[in-house]
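Me: I am new to this structure and would like to learn how to read its features. Please take me through them in turn.

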Amino acid sequence: MFDPNVLLRAHLQKLVPYSSARDDYKGSKGVFLDANENPIGSITKENWNRYPDPYQYDLKAKIAQIKGVKAENIFLGNGSDEPIDLLLRAFCEPIKDNIIINPPTYGMYKVSADINNVEVREALLTAYYDLDLASIEAKIDGNSKLLFICSPNNPTGNDVSLVKIEEVIKSFKGIVIVDEAYVDFTSRESFVHKLDQYPNLLVLQTFSKAWGLASLRLGMAFASKEILAILNRIKAPYNLSGLIQRTVIEALDNVQAKDQMVAQILANREILGKALAENLKIKTICPTDANFFLVKMDNASAVYQALIAKKIITRDRSKVALCEGGIRITVGTEKENEMLIEALKTVLN
Ligand SMILES: *Cc1c(COP(=O)(O)O)cnc(C)c1O
């Protein structure tokens, strides 16, 4: 039996979380003299004078419907960055505990661990950017608390093997985080439907990519009630503004707009992939299940700089292990992709 409370840092076992007076009264009508808010109104056109729902019940109810999961299995944060940081703060004793990551991968896991003074152990992906189970196993010890798997992986773009992910979840004694930031662009099924099967699984998704809401900062973590109860105890009480909650609740009536944008981006991905393949100076176009390509070439950093000079900004990954010669390119609009292809022709020839 997996119990996340056994993994919890000792000093948090007896933490008394912040409580607001509104924990004792659930209604929305009443005379609210408990939170020292301004009772008159706001300086803005709309009124934001009342503190927002700390647990975002209405927003979670809508997300639950759309994702086909229970609201009690959803945690919402200020981007995915917030649950990543909360997981480290909840489960990893600085200096003593460690996390396992699979580079080349998303940079925030290591940055967040570094900020929290938690050791990062790297089990490099294989040459084809899949999980290296032997390497992962060799890195794990009794102090390994979290294991991050990113699929589709950033910056390589591919899904890692589903079977291998499941093997890791089954064998790891800590919490496995499957980061699905790009899940809308892949045909691989989401792990959110496997939460009942795996009590040590936490799935990350975000509104920053497919939904087009990067500026709002809204990330989702899906996990057991027990894991989420821990995150909820240590999060800032009002971690999501009322403005975000209301805006997204309204936008979620419009899921087909997201689906249409995803379809358009996938169509553009296809066209861009073909156009990149026609440029013989590009040596490798990594297979992608996301909304970007990792492409490899000679003198990648110089190419990256030359593109910047043309006001086309990509991501230089050429100094990252296993990404040598690599530039990561987001799929843009049709027009942007054409400009990129033209610029690459000039720069590479
Ligand atoms: C973009 C991205 C995220 C999103 O982070 P937010 O904080 O939600 O904007 C998470 N994980 C990966 C791998 C990403 O590439």
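Me: How many Å separate an oxygen atom of the ligand from an N or O atom in the side chain of Tyr182?

Reply: A polar contact is a pair of N or O atoms within 3.5 Å; within protein, one must be able to donate a hydrogen and the other to accept it, and residues adjacent in sequence count only if both atoms are side-chain atoms. Here the side chain of Tyr182 places an N or O atom 2.6 Å from a ligand oxygen. This is a predicted model, in which local features need pLDDT of at least 70 and side-chain atom pairs count only at pLDDT 80 or more, while totals for chains, interfaces and linings use all residues. Residues are numbered from 1 along each chain as its sequence is written, and side-chain values use heavy atoms, with hydrogens and water left out.

Me: What classes of residue form the shell around the ligand?

Reply: In this scheme Ala, Val, Leu, Ile, Met, Phe, Trp, Tyr, Cys and Pro count as nonpolar, Asp, Glu, Lys and Arg as charged, and the others, Gly among them, as polar. The shell has four nonpolar, five polar and four charged residues.

Me: How is a pocket read, and how much space lies in the largest one?

Reply: On a 1 Å grid over the protein atoms alone, a pocket is an open set of points with protein on both sides within 12 Å along at least five of seven lines, whereas a cavity is a set where a 1.4 Å probe fits but cannot get out; lining residues have an atom within 4 Å of a point. Grid points are joined across faces, edges and corners, and a volume is the space filled by probe spheres set on the points. The largest pocket holds about 890 Å³. Its lining comprises 28 residues, with Arg22, Tyr51, Pro52, Asp53 and Pro54 nearest the centre. By class these are 13 nonpolar, seven polar and eight charged.

Me: How many cavities of 30 Å³ or more does a search of the whole structure find?

Reply: The search finds two. The largest cavity has about 40 Å³ of space, and its lining includes Asn102, Leu125 and Phe148. That lining has six nonpolar, three polar and no charged residues. The second largest cavity, of about 30 Å³, is lined by Leu8, Leu12, Ile230, Arg233 and Ile234.

Me: Which peptide bonds are cis, and which residue other than glycine has a positive phi?

Reply: Most residues other than glycine have a negative phi, and most peptide bonds are trans. In this model the bond from Pro103 to Pro104 is cis, with omega near 0°. The bond from Asn154 to Pro155 is also cis, with omega near 15°. Gln56 has a positive phi, near 50°.

Me: Why does the radius of gyration agree with a compact globule?

Reply: The radius is taken over C-alpha atoms, and the globule rule is 2.2 Å times the number of residues to the power 0.38. For 349 residues a compact globule would have a value near 20 Å, and the protein agrees with this because its radius of gyration is 22 Å.
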